[in-house]
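My entries follow in the order in which I looked.

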Amino acid sequence: MTPLLRVARLLMSASPRAMARGAALTLVVLLMGAALLGLSGWFITATGLAGLAGIGIAFDVFRPSAGVRLLALGRTAARYGERVLTHDATLRALAALRVDLLRRQAGLDARALARLRGEANLTRIVADVDALDGIVLRLLLPVLAGLATHAVVFLALGLLVDWLVAWLVLLGYLPLAALVLRRLARRGIAPSAAAEDRAQTLRRGLIDMLRDREALILTGTLGARETALLDVERQARAAARELDRSEREAGALLSLVVALVAALALLAGGWLMQRGDVDAASAAIGLFVALALAETVLPLRRGFAELGRMLGAAERILQDDPGPRTRGPAPDQDRDQNQDRDPAPPVPAAGAPLLDWRRGPLSLMLHAGEAAALEGPSGAGKTTLLLRIAGMTDAPADEIRVLGRPPLDWPEDLFRDIVTMVPQRSALIAGSVRDNLTLAGPATDSQIWAALEAMDLAAAIDERGGLGVRLGERGAGLSGGQARRLSLARAILRRPRLLLLDEPTEGLDEATAERVLAGLRRALPETALLAALHRGGEHPVFGQRLRLAR
């Protein structure tokens, strides 16, 4: 339950005033409901007794009826305000939770971020954040308001009726309702978590099947995929039925608790009336208030039934992630300390390498204008090495030096002026070609066309309508090879001192790959190049070749 408490504190701290207003109106709604039914019960009983006694004409019906109308209208208005404020506060809290989540994800290394980009993980994160709104709306506020309502009602019944009735209502409701809800929570954890998991699996499976339908049809596996999804749907329905059964059983037990407490209040009121301690109208108040307090426990069923879903979401949202890696002084240092950092990258001594890497018997040293091909089978660690050099994941001590310093010792902004990495997966956005090429900084049209020309892409872009032509999400509208070359053109515009390339010729035919590598060298004659390759390492642009083994 600790993750739920941590998330609850985070949600409450996001907008405490809005939460407090929503909680206050929730309490007002419950108190007005209890007061309305208690006053109505007293009024009906008193008027009936006055009529039987033949003194109905002398009975004051105006003030009690005015009170009933006031409570009814006030309860309706308070209910509306409570809905508006609690949902507003919850949405504010979820927005703060998303910001906190993104802030923590920003500290992950490139490998972890790459895993998060998958559709399954993104869908999972969105569903988890959405599931956590129940912590406030279905658990925290209703439970706190319910407990506060029982405390106020206990005092009111003790003062207006008798302390015996007050104790019977309090001790009848709280322990019995707590036992029922605890039983529901324990029985509902597994099926609610299973139902959520199967629903997510089904959603992802449907998306994958629609996206890959042509390949599934051609390979004759569409029927098998459909059968598998139907099986997942049956599992989801089974878990939902089990959860619904537990919730309905809890609802029946809570209704029995309400009936039992109301009966005890009625019997206690009758006994007190026989003793002459209270009149008949006052003796009826306990019965009607006990019935009104059902509103404090019956709506809690859904929240406790979905406890497993919310608990799983909280655990995943709050799972321990590596914190952001520090470059330069720690974040909590003051401005004066930050001013002590190097204002600019150090100027290397004559002949000093841009990159110096050593691991056991293997070593690599690159100076300005040199290029090296990094070769090896899949899983040999080529991409990992590039990520470490780029400062996007931790590296063993004394393994890598960029201009004489470990990558993570550089201030972030200065390091990015020195080193640029083009990953294997092209990062393009929905927008114009110009938008995609100027993501990393401004560039003139002549500079852009020069970069496109170097990547053998200028003619293709010109035929499509020039730099203003719109691309779809992830560069839709370009072939895979064209998207790759557009990413390389963007790297050229940054003009880094060290350029790291992960499979730069993937998806390109041999002739185009030849032109792209030669164009890179012409466009960036003073840049040190390090490229991870499956093929093409023998290209004359590479003066060094380093092979990694698994």
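In which helix is the place of L71? I looked this up in the predicted model, and found L71 in helix α3, which covers residues 62-105.

Next I listed what L71 touches, leaving out residues up to four places away in sequence, and wrote down M32, A35, L36 and L39. I also looked up G33, which is 38 residues from L71 along the chain, and found their C-alpha atoms separated by 7.7 Å.

I then turned to the sheet. What is the order of its five strands? I recorded an open sheet with the order β5-β8-β9-β3-β10 and parallel pairing. Its edge strands, each pairing on one side only, are β5 at 419-422 and β10 at 544-547. For the twist I noted an average of 15° from one strand to the next.

Looking at one pair in detail, I found that β3, residues 371-375, pairs with β10 in the parallel sense over four bridges. I checked E375 as well, and its bridge partner in β10 is R547.

Which strands does helix α19 touch where it packs on the sheet? My entry reads that α19, residues 480-494, touches β5 and β8, the latter at 498-502, and that the direction of α19 makes about 175° with that of β5.

Terms used:
Residues are numbered from 1 along each chain as its sequence is written. This is a predicted model: local features need pLDDT of at least 70, side-chain atom pairs count only at pLDDT 80 or more; totals for chains, interfaces and linings use all residues. Side-chain values use heavy atoms; hydrogens and water are left out. Two strands pair if DSSP finds at least two bridges between them. Helices (H or I, at least four residues) and strands (E, at least two) are DSSP runs, numbered from the N terminus. Axes are lines fitted to C-alpha atoms, for helices over the stretch in contact, and angles run from 0 to 180 degrees between N-to-C directions. Contact means heavy atoms within 4.5 Å.
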